[in-house]
Amino acid sequence: MQQIIVIGSDHAAFELKTFLTKQLQTSGFIVEDVGTYNQESVDYPQFAQAVAENIANARGGKKGILLCGTGVGMSIMANKVKGVRAALIHDLFSAKLTREHNDSNVLCMGARVIAASMAWEIVNVWLSTPFIGGKHHNRIAFITNYEQKNL
Ligand SMILES: O=C(CO)[C@H](O)[C@H](O)COP(=O)(O)O
């Protein structure tokens, strides 16, 4: 079955979003693009909300990618949504570990931080690395319990 990727960006990362969308589609993924659709200045939180809520509602059925200038604003907003574990990643080691240990379901990157080729390498590692479970289940459960009680 084809995996669904929900992707969103602000103006700063529109070009990177276009590049990654094409790469993902060429690799056989179904891409749902929530915008932005041009380089006009926009506010990143609305796109983070759109992707994060989509991923939370899919309950494991989809993964998300959020892009802005630094990736920081996107990760801050996405992590406000219950069920989302958004990881801000700019290196391959963390891309692997955040899947293995954190079971992250949203990947955030900064178009002003890394090259498009590096972003694509990160996406590949992130999408192909499974959660390893074990002791990490307890840690995820702690976060989930906190969300249930406090959010
Ligand atoms: O990185 C970002 C948020 O974390 C934004 O892309 C950045 O703040 C946009 O800046 P500007 O409106 O000056 O292009």
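Which are the buried residues of helix α4 (residues 92-100)? They are Ala 95, Thr 98, Arg 99 and Glu 100, where buried means under 20% relative accessible area with a 1.4 Å probe and protein chains only. The model is predicted, so that local features need pLDDT of at least 70 and side-chain atom pairs count only at pLDDT 80 or more, while totals for chains, interfaces and linings use all residues. Residues are numbered from 1 along each chain as its sequence is written, and side-chain values use heavy atoms, with hydrogens and water left out.

**Helix α4**
- The buried residues of α4 pack against β3 (62-68), β4 (86-88), α5 (116-128) and α6; helices are DSSP runs of H or I with at least four residues, and strands are runs of E with at least two.
- The N-terminal end of α4 is capped by Asp 91, a side-chain oxygen of which lies 3.1 Å from the backbone nitrogen of Phe 93.

**His 136**
- His 136 belongs to helix α6 (residues 135-150) and counts as buried because its relative accessibility is 6%.
- Apart from neighbours within four places in sequence, His 136 is in contact (heavy atoms within 4.5 Å) with Glu 100, His 101 and Phe 131.

**Ser 75**
- Ser 75 is part of helix α3 (residues 72-78) and is buried, at a relative accessible area of 10%.
- A polar atom of the Ser 75 side chain lies 2.8 Å from the backbone oxygen of Val 72.
- Leaving out neighbours within four places in sequence, Ser 75 is in contact with Ala 86, Leu 88 and Cys 108.
- The C-alpha atoms of Ser 75 and Ala 48 are separated by 7.7 Å, with the two residues 27 apart along the chain.

Definitions and conventions. Buried < 20%, exposed > 50% of the residue type's maximum accessible area, 1.4 Å probe, protein only. Polar contact = N/O pair within 3.5 Å; in protein donor to acceptor, adjacent residues only side chain to side chain.
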